[in-house]
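Hello,

Here is the structure we talked about handing over. Please open it first, then read the notes below it.

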Amino acid sequence: LHNMLPSGGNDHNGSGLHSEDSHSDNDVAEIQQCWSQSSHLSECWSQSSHHRKLESPAVLSNKIQADNSSTYNTPLVWGLYIVNLVLKWLKKQGGVEAIEERCATKARMVYDTIQNSNGFYHLLVEPAFRSRVNIPFHICRNGNPVKELEEKFVKEAQAQNMYELKGHRAVGGIRASLYNAVSVEEVKTLVQYMNDFMARNRVTSPPA
């Protein structure tokens, strides 16, 4: 793995990589450890019964790698490195429990806004199957989706630095993606915008 990443302290002329871009020895050591642990876990996981010998998937087998002079399969070093960074970030946020609570809070904010819109925003997914991460919905008048309003919603959101709200091409509409990196404060900004957009674009019935 040392040969797969630029080493610290060397100037790689002509390669586009210089010493300030290089990974430290600690980074390389962490990647090596991640790879070693993934190989060990795959060996344990492959036991389907107590009497079967340990076997590892070919792609994670150190023996096969050695027998083939490390050319059987190149470990996904970049993916391992990024996973390591993400897991460190998750730990700093308080771990899985804290992230789960935060995800539930963010999803509740958006779902409550939609459900309290009196039909202006309409959810596409039944309650039992709703996601905390991706929330698709339509903007409606008289119970029918209005494409022009949805396009306006996306355009005005972009003007306020909120992007990727256009719905999936298979279903259309709007899709709010509340991934882990999206903060509660950012979701508050989205909800505020949704309420403002609704107030400006809702058609109210004239008094009787």
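**Cysteines and aromatic rings**

The structure, a predicted model, holds 0 disulfides. Cys103 has a relative accessibility of 11%, so it counts as buried, the limit being under 20%. Cys140 is buried too, with a relative accessible area of 5%.

Next, the aromatic rings. A pair of such rings is described by the distance of the centres and the angle of the planes. The count here is 9 aromatic pairs. One of them joins Phe120 and Phe197: the ring centres are 6.3 Å apart and the planes are at 50°, so this pair is tilted. Phe120 sits in the loop between α4 (95–115) and β1 (121–123), while Phe197 belongs to helix α6 (residues 184–201), so the pair ties together parts that are 77 residues apart in sequence. Are these two residues, Phe120 and Phe197, buried or exposed? Both Phe120 and Phe197 are buried; for Phe197 the relative accessible area is 0%.

Phe197 also pairs with Tyr193. Their ring centres lie 6.0 Å apart with the planes at 50°, so the pair of Tyr193 and Phe197 is tilted. Both residues are in helix α6, 4 residues apart, and this separates Tyr193 and Phe197 by about one helical turn. Tyr193 has 2% relative accessibility and counts as buried.

Which residues do ring pairs link into a cluster? The cluster consists of Phe120, Tyr121, Phe137, Phe153, Tyr193 and Phe197.

Regards

Conventions: Residues are numbered from 1 along each chain as its sequence is written. This is a predicted model: local features need pLDDT of at least 70, side-chain atom pairs count only at pLDDT 80 or more; totals for chains, interfaces and linings use all residues. Side-chain values use heavy atoms; hydrogens and water are left out. Rings of Phe, Tyr and Trp (its six-membered ring) pair if their centres lie within 6.5 Å; planes under 30 degrees apart count as stacked, over 60 as edge-to-face and the rest as tilted. Helices (H or I, at least four residues) and strands (E, at least two) are DSSP runs, numbered from the N terminus. Buried means under 20% relative accessible area, exposed over 50%, partly exposed in between (1.4 Å probe, protein chains only). A disulfide is a pair of cysteine sulfur atoms within 2.5 Å.
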